[in-house]
Amino acid sequence: MQKVFITGMGAISSIGSTVDEHLNSLRSGKCGIQTAKYFQSKYAQNLVFGEVPFSDEQLRQRNNVASKKDFTRTTVLALNAFNEAIIQAGISLEVLKSDKTAFISSSTVGGMCYTDELYSDANLKDIPSNYARSYEGSDHTWRITEMFEIGGIVDTINTACSSSANAIYLGARLIQTGRADRVVVGGADSIAKYTVNGFNSLMILSDQACRPFDENRNGLSLGEGAAYLVLESEDAARNKFKIAELNGFGNSNDAFHPSTISENAIGPILSMELALQMTGITPDLIDYINAHGTGTLNNDLTETLALNTVFENVPPYNSTKSYTGHTLAAAGSLESILAILSLNNDELYQSLRCESPINTHQSRPIFEFVKKNLNYVMSNSFGFGGNCTSLIFSKCI
Amino acid sequence: MYLKDVYSISPQVTHTDEFINGNYKIYSKNILSVIEPSYSEMIPASLLRRMGKAVRMGIGAALPLIERHEKLNGIVIGTANGGLENCINFLNQIIEYDEGVLTPTHFVQSTPNALAGQLALMSKNTGYNVTHVNGPLAFENAILDAMMFLEGATNKTALLLGAVEEISNYNYNIDLIAGRYKSDYIDNNKLITSQTKGSICGEGSTMFIVSNDANNALAKLINLKQINYPNEIDLEYLLNQFLFENDLKTEDIDLLILGNNGDVQFDSWYTLLKSFFSSKKEYVYYKNFVGEYRTSSAFALYFATQLLKGRIHHKGIEGDVSSIPKIILIYNQFEGIHHSFILVQSVV
């Protein structure tokens with residue numbers, strides 16, 4: 001079976017519009033969660049968001065698609081990160097057209113980010129909006145596929161908050177089974193009235209920037225962004241700089257409740273164990289975990305239990321959602337990239353705003369920036385519908 | 001990969017043998033709604049009340065299979081849009097109550113992975129669980145996922161694989177303004193020859209049990225291929241390449257199942273595909289029974305399993321199936337942009 005290497009990465013979120021800017025923000029502890037500038041909603045004033053600091057127009061201009069009025073915010077965020085990833089991996093336009101180049105994206109809100117236009121179009125209230133053909137979850141995937149004439153297998157995943165972690169998983173399977181030589185994988189989501197009101201109706205939005213793993217946490221902060229990785233087979237990556245190797249992945253379902261995780265953490269434990277099993281290493285070899293760590297009462301308590309069940313000595317862990325907010329479908333790929341930044345720089349970044357850690361167990365999230373030699377890192381993503389996915393990456397340098 | 005079992009809920013009576021026996025429903029409207037079995041014996045009433053249509057029919061099609069096949073290793077679902085009615089109901093509340101206090105039921109039910117999650121929950125299945133939402137290729141991607149999961153797996157490994165799509169007034173409206181439906185009413189049995197723009201809208205859920213075990217299988221799914229944004233001049237090459245990769249030639253195909261939907265703008269793709277085969281090649285349509293929807297190829301695959309088993313002697317609009325086919329090619333396309341080939345073979 002072909003090994004799977006990462007040869008390119010691209011990311012945009014509230015803490016940076018390039019991977020390098022993300023690294024700087026992590027090192028300096030810069031949080032992107034604040035009052036929204038561009039998001040229009042009743043909640044824009046009294047809640048805080050990890051908003052990408054550009055208007056839709058600015059995002060279109062930055063990506064040279066100013067004329068594409070039917071491109072949604074989700075699509076242009078995706079395009080921004082996609083471009084960065086393929087440039088770093090040195091994937092030419094010609095190579096993108098190959099039937100051995102695949103693209104697997106993911107989104108939860110997709111083209112529904114324009115809630116008011118969708119309301120009008122779905123209820124035939126007015127003349128059709130610019131976005132009448134842009135609402136589907138797969139819309140951003142197809143816009144990018146068409147632009148770059150991607151020649152291989154194309155897919156879009158929605159497993160809620162673990163969506164892009166599963167895009168990574170499936171991309172790796174395409175390479176392992178010989179169906180693709182390279183796959184661009186990841187996800188994109190933008191802040192929308194739809195998700196803000198949805199999470200608000202579940203009463204799991206924090207009124208201040210989220211405090212993952214803190215005793216006094218009171219919910220998540222919604223973020224937005226996009227993140228893509230270029231995965232390549234050993235043969236395709238032969239003469240390239242390999243950023244990291246994807247060693248293992250585990251996918252399970254918690255089978256407990258539509259919108260919360262079980263108290264005994266069945267799904268999270270299983271996904272981590274499956275990823276370790278596939279990697280063929282014992283738990284003690286994991287040097288760092290980028291936790292799902294949403295900041296909700298339910299997730300962080302359950303994840304703490306899961307970590308303490310799988311690991312005798314829980315490795316250093318943090319929630320980078322304390323920087324970016326919860327970027328939903330983009331979270332799995334964005335946090336994989338942030339975990340790889342830790343790995344390759346031998347750096348552990350502070351989990352922000354965890355002042356009095358959950359005390360059900362001895363484990364504590366990383367409380368200050370430290371240098372440490374890292375070889376294997378894990379990224380966890382758990383979503384509504386019980387969808388749990390864990391990924392393990394290792395160093396190539 | 002073998003198709004071990006199937007259950008289909010569609011605008012035809014497919015949950016009993018009525019459709020197989022040739023009793024076809026004729027609709028004189030452009031929205032073909034599913035005919036649902038009674039769920040009361042399989043789904044608790046309290047749960048049923050809260051379920052949106054997509055989740056309900058998905059569960060209705062899956063539960064009989066889950067009961068017949070214990071210890072499934074996972075659930076793979078394809079749906080372009082999931083529970084759209086719940087989704088837009090929630091959206092309507094956001095706008096009409098000016099982002100006031102809302103109940104979360106619609107929101108939680110609207111996520112496309114709600115069905116796979118609910119199925120895992122109801123069958124206590126902690127295994128593999130993925131939902132593909134890739135528009136008109138969502139079910140094809142789910143098939144591919146299941147095939148990759150089973151590669152290298154034991155004969156005992158089995159998955160639930162399926163698709164669901166629901167009609168609501170909302171997605172009907174959205175596709176209507178996008179020009180995807182006919183402006184005049186036609187009977188569904190006149191769909192294929194309608195010669196006007198747009199199609200008619202359908203919905204449905206078809207579920208399969210798949211594994212590597214050929215024993216008592218309904219059919220073998222040989223392989224599939226997706227093609228996006230092709231030129232017409234490339235179709236013949238792409239077809240021959242796909243058949244070649246599977247050690248087949250056009251003459252090996254006994255029957256074509258074609259996704260014609262009566263849209264005069266795009267049905268020429270099917271005429272083109274037919275031209276690569278002998279003029280005597282038999283073919284059947286399926287959207288005249290169920291209408292157009294993003295994951296209709298799951299119904300086509302159900303149809304294929306019944307044809308391969310000789311359970312249907314289908315009298316199509318233009319041709320009959322003279323003998324029981326051994327190898328079927330399903331060809332479907334969406335607006336000339338997204339195309340798929342699925343090869344299915346009988347199991348002796």
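User: Which domains is chain A divided into?
Analyst: This is a predicted model, and in it chain A is split into domain 1 (4-233) and domain 2 (249-395).

User: How far apart are the C-alpha centres of those two domains of chain A?
Analyst: The centres of domain 1 and domain 2 of chain A lie 21 Å apart.

User: And how many residues are in contact between them?
Analyst: In chain A, 63 residues of domain 1 are in contact with 53 residues of domain 2. The largest share of the domain 1 side comes from α7(A), with eight residues. By class, that side of domain 1 of chain A has 31 nonpolar, 25 polar and seven charged residues.

User: Tell me about α7(A) then. Why is it described as largely enclosed?
Analyst: Of its 14 residues, 13 are buried, so α7(A) is largely enclosed by the rest of the structure.

User: What span should α7(A) have, going by its residues?
Analyst: At 1.5 Å a residue, α7(A) should span 20 Å, and its end C-alpha atoms are 20 Å apart, which agrees.

User: What follows α7(A)?
Analyst: That would be A:G178, which has a positive phi, near 80 degrees.

User: New topic: how many residues of chain B are in contact with chain A?
Analyst: For chain B the number is 48, and they are in contact with 56 residues of chain A. Several elements of chain B each supply at least two residues of its side, including α3 (84-96), α6 (138-150) and β6 (219-228).

User: What is that side of chain B like by class?
Analyst: The side of chain B that touches chain A has 24 nonpolar, 19 polar and five charged residues.

Note on methods: Residues are numbered from 1 along each chain as its sequence is written. Chains are lettered from A and ligands numbered from 1 in the order in which they are written. This is a predicted model: local features need pLDDT of at least 70, side-chain atom pairs count only at pLDDT 80 or more; totals for chains, interfaces and linings use all residues. Domain bounds come from an automatic or database domain assignment. Two residues are in contact if their C-beta atoms, placed from the backbone, lie within 7 Å. Helices (H or I, at least four residues) and strands (E, at least two) are DSSP runs, numbered from the N terminus. Ala, Val, Leu, Ile, Met, Phe, Trp, Tyr, Cys and Pro count as nonpolar, Asp, Glu, Lys and Arg as charged, and the others, Gly among them, as polar. The expected span of a helix is 1.5 Å times one less than its number of residues. A residue is buried if 20 or more other C-beta atoms lie within 10 Å of its own, exposed if 12 or fewer, and partly exposed in between; C-beta atoms are placed from the backbone.
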